[in-house]
Amino acid sequence: MSSRSEAAAPLRAAAPERRLRYVEALNEAVAQEMARDPRVFIFGLDVDDHKGIQGSTVGLQQRFGRDRVFNTPLSEDAMTGVAIGAAMAGMRPIHVHIRMDFLMLCMNQLVNMAAKAHYMYGGAVKVPLVVRSMIGKSWGQGAQHSQGLHAMFMHVPGLKVVAPSNAHDAKGCLIAAIRDDNPVIFVEHRLLYGTEAAVPEVPYATPFGQARIMGRGDDITIVGISNMAVECLRARELLSAAGIAAEIIDPISLVPLDIETIAASARRTGRLLVVDNAWMTCGASAEIVARVLERLGTRALQSVGRMGFAPTTCPTTPALEREFYPNPATIAERAHLLVRPDAPAWRPAAEDAALAYQLQFRGPF
Amino acid sequence: MAPQGDVPLQGNVDVDAGTLERLYRGLRRIRRVEEEVARLYPSDKIKSPVHLSIGQEAIAVGVCDPLRADDVVAPTYRGHAAYLAKGGDLNGMMAELYGKVGGCARGKGGSMHLIGMERFILGASAVVGTTIPLALGFALALKREGKGRIAVAFFGDGATEEGVFYESLNFAALHRLPLLFVCENNFFAIHTPLEKRWATDRLCERVATYDIPTTKISDGDVIKIHAWTTESAAALRTGAGPRFLECHAWRWREHVGPGEDYDAGYRARADLAAWQQNDPVERIGGRIAAPVRAAVDAAIEREIADAVAFAEASPFPDAEELTAHVFAE
Ligand SMILES: Cc1ncc(C[n+]2csc(CCOP(=O)(O)OP(=O)(O)O)c2C)c(N)n1
């Protein structure tokens, strides 16, 4: 267990590198699994329209037919129950939501049935269900189209929660989720959809419970969740200008959580910063910090910090929305403070912070 | 799906000259505001996704005109029309779209969350169907208050697929609450037609099983909508239970955003043309004396220009607004 970080080795074969966008990787994962296993089907609002969930479901209905790829009425609560029932009946449903916020309509079925059925019925049934949903951001998405609610699902035993940050892991995690015999909450982020990475053409499963070290460094361990993994990589570039080497870890899956890799890194660097694409209270960042400290003891680290959404509702106005999210500059600034608490305050130059957004991180992962 | 005939309305279905002028002004004002929003949109000054009401104005105007000022309405995220028709402040709406502190939600809510409590306009939700039971809660409070006020819930055809819709119908009928359910049936939920979502199109019949009187108006006639509301509101004020209206309408533009999307192939431009021939703005406008109409139009243009200027001039919220209003003080 202790050398799990070695799982970061590239999964790709020797074949020439092929790049896909995140949405294309999702699409390919579903197509390959549907071709492999006739029990797999995908449904949800808007999966078969011309936009096809930003392209992630485009072409699937033409290829696999209306019985296996279909739209639904606006009935999230019932449709979630349908998915759970079908899963118990031996099928392998993928239920798609264009926003994570809409999962609030599915909560009873997910929390009271999907999460518990296997246990509550003494192992008599299984719920091999994938629930895909997207976290929105910017262009005025606002209060009800921007929430990262993964912690609510992490809280409940019986649900797996994954939040891949790049196209490679998106494909691998979706395949793993489809093959998993448990309900998996699959967390996507709108701003990741256009990002490219090296994605092998062959089907492959990215194992849950294995974090990925995205960049090595000795001065501080920074854990970035979902889109924040990318923001942390940008912060890492900014920090390197100040002579700070940050190690960036993407947990990929939050339940199960690879705490060994994170704790081993934090023990080595002596500093830990967790940056979530969500609020902090009772959140993934709280969980990760608590587990690392429980494991290492409270004296093992020199400094610990967390960042996430401001403790408020997401405003639409860009004047406030800017302040709502951590960004590469604020992450770098915070990391600098954790590494050099006695140094004069530092923040990256505005031009550098702007340039950080042009960085593309394409793997191979 | 076999189309169903309209349920005939009782009594006179025309209006006097003053009402006609008000209806025209209401229709034209919403149309022009929405067109202005669409025109401004590419400038990126509007910091909010917009679900325009163009083509659906008659429902908001026909329903809101007969209401009392202290009646309550619950619009949807496609709510510019209902907000304006119920007397919502245009400056506050425009500034809200701009994300400015002078907006009706101080720039924090945007187009999908317009609110005007001073005019009894409830805040809109971006989660479909969510405000139907909220309107019902207001109806409960209004019944208890006993002053004859009523509430109106606006919602789309898509919202009728949510369980909360049927739960609300049942509760409203059970308690004879003073609520008008107004379904704006534009045949599509985003790009998905009714045929893929409804087992039958007999919505009114479904609702009628709760012993709720239902009416369907399928030609978008603002005068019929006005007549239905006048009669229904009067009945509700004296203790009649809830009523239900299904209005057909055509969303002229794309689901969200300023443009058209007929090239996407999910609906035909020919259908738009048919509805445009029957455009209530022109139909009602044609019945108004030309000089009167010109004066109304000119006043609307001035009001819109003022609202845009107001939005431009209003500042963005200060940083401390970020965490203001999380809890009530
Ligand atoms: C509960 C919920 N599910 C899905 C969505 C995504 N969505 C936004 S608008 C819309 C269509 C709603 O159609 P309808 O109620 O007919 O209203 P219209 O947009 O046509 O006015 C959908 C599915 C949502 N906002 N809320």
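Which residues are closest to the ligand, and how many surround it? In this predicted model, 20 residues surround the ligand, and the closest are E76(A), Y77(B), R78(B), A126(B) and G158(B).

## Where the ligand sits

Both chains have a part in this site: the ligand lies between chains A and B. You can see that in the list of closest residues, which includes E76(A) as well as Y77(B) and R78(B).

Sort the shell around the ligand by class and you get 12 nonpolar, 4 polar and 4 charged residues.

Start with chain A. The side chain of E76(A) has an N or O atom 2.5 Å from a nitrogen atom of the ligand.

A126(B) places a backbone N or O atom 2.8 Å from a ligand nitrogen, while A159(B) has a backbone N or O atom 3.2 Å from an oxygen atom of the ligand.

## Two helix pairs

In chain A, have a look at helix 8 (residues 227-241) and helix 12 (residues 328-339). Their axes come within 8 Å and cross at roughly 60 degrees. Angles from 65 to 115 degrees count as roughly perpendicular and those under 35 as roughly parallel, so helix 8 of chain A and helix 12 of chain A are oblique to each other. Helix 8 of chain A makes a right-handed crossing as it passes helix 12 of chain A.

Two spots in the loops of chain A are worth a look. What is the peptide bond from V255(A) to P256(A), cis or trans? That bond is cis, with omega near 0 degrees. P256(A) belongs to the loop that runs between strand 12 (253-255) and helix 9 (259-269) of chain A.

The other spot is I53(A), a residue other than glycine with a positive phi, near 50 degrees. To find I53(A), go to the loop between strand 2 (40-44) and helix 2 (60-64) of chain A.

Key
Residues are numbered from 1 along each chain as its sequence is written. Chains are lettered from A and ligands numbered from 1 in the order in which they are written. This is a predicted model: local features need pLDDT of at least 70, side-chain atom pairs count only at pLDDT 80 or more; totals for chains, interfaces and linings use all residues. Side-chain values use heavy atoms; hydrogens and water are left out. A residue is near a molecule or strand if one of its heavy atoms lies within 4 Å of it. A polar contact is a pair of N or O atoms within 3.5 Å; within protein, one must be able to donate a hydrogen and the other to accept it, and residues adjacent in sequence count only if both atoms are side-chain atoms. Ala, Val, Leu, Ile, Met, Phe, Trp, Tyr, Cys and Pro count as nonpolar, Asp, Glu, Lys and Arg as charged, and the others, Gly among them, as polar. Axes are lines fitted to C-alpha atoms, for helices over the stretch in contact, and angles run from 0 to 180 degrees between N-to-C directions. Helices (H or I, at least four residues) and strands (E, at least two) are DSSP runs, numbered from the N terminus. Angles under 35 degrees count as roughly parallel, over 145 as roughly antiparallel, 65 to 115 as roughly perpendicular and the rest as oblique. A crossing is left-handed if the near helix is turned anticlockwise from the far one by less than a right angle, and right-handed if clockwise.
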